[in-house]
Amino acid sequence: MATVDMSVKLAAPAADVWAVVGDFLNIHQWHPAVDRTEAIGAGGIRRVHSANGGPVFDEVQLERDEDGRRMRYAIVGKPFPMENYSAWMSVEDTGGGSVVRWHSAFAPDEGREEKAAGIVKFIYKSGFDALVERFGAG
């Protein structure tokens with residue numbers, strides 16, 4: 001099992017940041033790697049349409065803690081060279097700013113460990129860069 005754990009400090013209160021990143025069905029409104037999303041069923045599953053002709057895949061929200069500003073989700077299927085991808089994202093107060101943490105665990109395809117980790121890191125970094133542009137660096 002491989003893991004990726006990244007974080008970014010922002011100059012905005014955690015409640016403001018969570019209002020954006022915690023909206024599971026609307027990741028496309030802040031993440032540049034996502035062109036659009038659509039709710040599947042009762043809303044616990046989102047279909048992600050990647051930007052620039054990337055893959056279309058589903059993600060299911062597994063847990064949500066509004067008070068703790070934390071959610072856990074998993075990719076359904078295999079759009080990347082990995083299986084069993086699950087991740088959690090949280091937003092914490094830092095006294096005037098906040099920290100967004102994004103952590104995942106997954107099983108990369110044999111011989112594709114660096115490629116799989118690189119995809120996840122790119123997704124996290126591009127999302128964090130967009131959040132810094134929106135909220136400012138903390």
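The model is predicted. About 40 Å³ of space lies inside this largest cavity. Colour its lining by residue class: eight residues are nonpolar, two are charged and none is polar.

Next, the second largest cavity. Select Ile 75, Gly 77, Lys 78, Pro 79, Phe 80, Met 82, Glu 83, Asn 84 and Tyr 85 to show its lining. The space here is about 30 Å³. Which strand gives the most to this lining? Strand β6 does, with four residues. By class, the lining of the second largest cavity divides into five nonpolar, two polar and two charged residues. In total, two cavities of 30 Å³ or more are counted.

Keep Gly 77 selected. Gly 77 belongs to the hairpin of β5 and β6, with five residues between the strands, and takes a positive phi near 95 degrees. Now show β5 and β6 themselves. They run antiparallel and are joined by five bridges. Pick Arg 70; its bridge partner in β6 is Ser 90.

Step across to β4. Strands β4 and β5 pair over seven bridges, in the antiparallel sense. Select Asp 58 and look opposite: Val 76 in β5 stands there. Then go to Arg 69, in the hairpin of β4 and β5. That hairpin has four residues between the strands, and Arg 69 takes a positive phi near 50 degrees.

How many strands form it, and in what order? Seven, in an open sheet ordered β1-β7-β6-β5-β4-β3-β2, with antiparallel pairing. Colour the edge strands, β1 (2-10) and β2 (34-40); each pairs on one side only. From one strand to the next, the twist averages 25 degrees.

Six bridges join β2 to β3 (residues 45-50), and the two run antiparallel. Select Thr 37 to find it opposite Val 48 in β3.

Now bring in the helices. Select residues 14-21 for helix α1, which packs on the sheet and touches β1, β4 (56-65), β5 (70-76), β6 (82-93) and β7 (98-108). The direction of α1 makes about 150 degrees with that of β6.

Finish on residues 113-135, helix α2. Helix α2 lies across β1, β6 and β7. Line up the view with β1: α2 runs at about 10 degrees to that strand.

Definitions and conventions: Residues are numbered from 1 along each chain as its sequence is written. This is a predicted model: local features need pLDDT of at least 70, side-chain atom pairs count only at pLDDT 80 or more; totals for chains, interfaces and linings use all residues. Side-chain values use heavy atoms; hydrogens and water are left out. Two strands pair if DSSP finds at least two bridges between them. Axes are lines fitted to C-alpha atoms, for helices over the stretch in contact, and angles run from 0 to 180 degrees between N-to-C directions. Contact means heavy atoms within 4.5 Å. On a 1 Å grid over the protein atoms alone, a cavity is a set of points where a 1.4 Å probe fits but cannot get out, and a pocket is an open set with protein on both sides within 12 Å along at least five of seven lines; lining residues have an atom within 4 Å of a point. Grid points are joined across faces, edges and corners, and a volume is the space filled by probe spheres set on the points. Ala, Val, Leu, Ile, Met, Phe, Trp, Tyr, Cys and Pro count as nonpolar, Asp, Glu, Lys and Arg as charged, and the others, Gly among them, as polar.
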